Amino acid sequence: STDQENDSDIAHSHETLGNLFVVKGDADSAYVHYAEALRILMNIHGTEKHPLIAFVLHNIGNVMYLKNNMAEAQSMYERSLAIKLEVFESEEEPNTAGTINNLGYVVHQRGDLETAWNYYQRALNLFQRIYGSDDHADAARTHRNLGDVLREKGDLDGAQVHYDRVIAVFERTTGSGDHPDVLVTFRDCGDILREKGDLDGAWKHYERALQGLLSAYGTEERPEVARTLRSFGEVLHARGDLAGARNYFERALDLGITKKVFGSAEHGDVARFLNSLGAVLRDLGDVEGAHSHFERSVSLFDKVFGTNDHLDVARALRNYGQSLHNRGDASRGRQHVTRALE
């Protein structure tokens with residue numbers, strides 16, 4: 001009917017406005033419009049089982065991710081995926097593969113590396129079948145996600161293979177080495193070099209990444225910039241420049257906690273920043289400051305990742321356990337170090 005057509009147009013307008021607010025970084029306004037689009041579409045169709053509703057649920061999942069509400073983001077993506085698998089003849093559809101990749105990213109952020117890996121592999125296989133190869137931006141981003149999982153599990157060479165593929169695809173498809181996806185992957189490659197002991201090589205990668213990201217975004221207030229600042233700090237710490245390292249970690253923490261570049265201060269990266277700053281404070285002789293940062297880091301990791309195994313969590317547990325031991329609490333210290341070894 002004409003009324004339904006009008007309502008459908010209104011729903012589409014709300015979804016478009018939601019998309020625009022996402023681009024502006026205004027997750028709250030985006031949610032208002034997506035929620036209204038969902039309400040109208042549910043009223044029109046009387047059921048969730050419709051492609052347009054699946055697309056809106058996916059978008060709400062994106063907003064929940066931006067707001068750092070990972071549990072709700074996962075729920076939205078799961079609802080969206082269930083509808084798509086029912087209403088489409090095949091899962092070989094870019095939007096379906098995108099939802100699977102995003103599900104992987106959410107469970108990845110929650111610390112479940114194995115489930116994330118399975119989602120990423122499924123998404124990459126779909127993208128390869130859809131596009132005929134992995135020479136496409138969607139597939140390249142999934143390669144980076146796979147690389148991140150391998151790096152977090154300690155497989156640096158395996159991660160490098162995926163990162164090299166990301167850089168090759170984006171440099172070919174965009175004709176530029178300054179695309180944000182390339183720059184972020186350059187930072188990731190720098191992290192691998194740092195963990196292998198090539199501090200000078202790592203520093204050069206970070207410089208290129210940071211310069212390009214600041215040029216691309218025109219501001220430091222971005223998650224990618226905060227992570228890059230932490231990487232600079234890790235190099236300086238390894239070189240023994242404790243004051244310089246502290247400065248970079250404090251800048252990263254300010255972006256994570258005060259500016260909330262991750263959508264909330266309760267985020268795994270903020271826990272990483274706290275642990276890194278705690279280690280510098282320990283080496284500067286600030287025992288109480290270090291202990292406080294280690295304690296906050298472990299508490300935040302427990303809240304974000306739960307019981308999932310994760311290399312960064314193990315490092316924080318070890319630091320906190322050693323700090324407890326040094327303060328005379330040997331029993332709790334052993335308990336946390338034992339958790340780290342598990």
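A residue is called buried at under 20% relative accessible area, exposed at over 50%, and partly exposed in between (1.4 Å probe, protein chains only). By that rule Phe232, with a relative accessible area of 3%, is buried. This is a predicted model, in which local features need pLDDT of at least 70 and side-chain atom pairs count only at pLDDT 80 or more, while totals for chains, interfaces and linings use all residues. Residues are numbered from 1 along each chain as its sequence is written, and side-chain values use heavy atoms, without hydrogens and water.

**Aromatic pairs**

- The structure holds nine aromatic pairs, a pair being two rings of Phe, Tyr or Trp (its six-membered ring) with centres within 6.5 Å; planes under 30 degrees apart are stacked, over 60 edge-to-face, and the rest tilted.
- Phe127 and Tyr131 form a stacked pair, because their ring centres are 6.0 Å apart and their planes stand at 15°.
- Both residues belong to helix α6 (residues 113-131), where a spacing of four residues separates Phe127 and Tyr131 by about one helical turn; helices (H or I, at least four residues) are DSSP runs numbered from the N terminus.
- Phe127 is buried at 2% relative accessibility, whereas Tyr131 is partly exposed at 30%.
- Trp203 and Phe232 make an edge-to-face pair, since their centres lie 4.6 Å apart with the planes at 75°.
- That pair links distant parts of the chain, with Trp203 in helix α10 (residues 199-217) and Phe232 in helix α11 (residues 223-239), 29 residues apart.
- Trp203 is buried, at 17% relative accessibility.
- Trp203, Tyr206, Phe232 and Tyr248 are linked into a cluster by ring pairs.

**Charges over rings**

- The charged end of Arg222 sits over the ring of Tyr217, 3.8 Å from its centre; the criterion is NZ of Lys or CZ of Arg within 6 Å of the ring centre and within 35 degrees of the ring normal.
- Trp203 has Arg239 over its face, at 5.3 Å from the ring centre.

**Packing of α13 and α15**

- Helix α13 (residues 268-283) packs against helix α15 (residues 311-326) at an angle of about 35°, with the axes 10 Å apart; axes are lines fitted to C-alpha atoms over the stretch in contact, and angles run from 0 to 180 degrees between N-to-C directions.
- Arg272, Asn275 and Arg282 of α13 meet Asp312, Arg315, Ala316, Asn319 and Gln322 of α15, contact meaning heavy atoms within 4.5 Å.

Notes. Helices (H or I, at least four residues) and strands (E, at least two) are DSSP runs, numbered from the N terminus.
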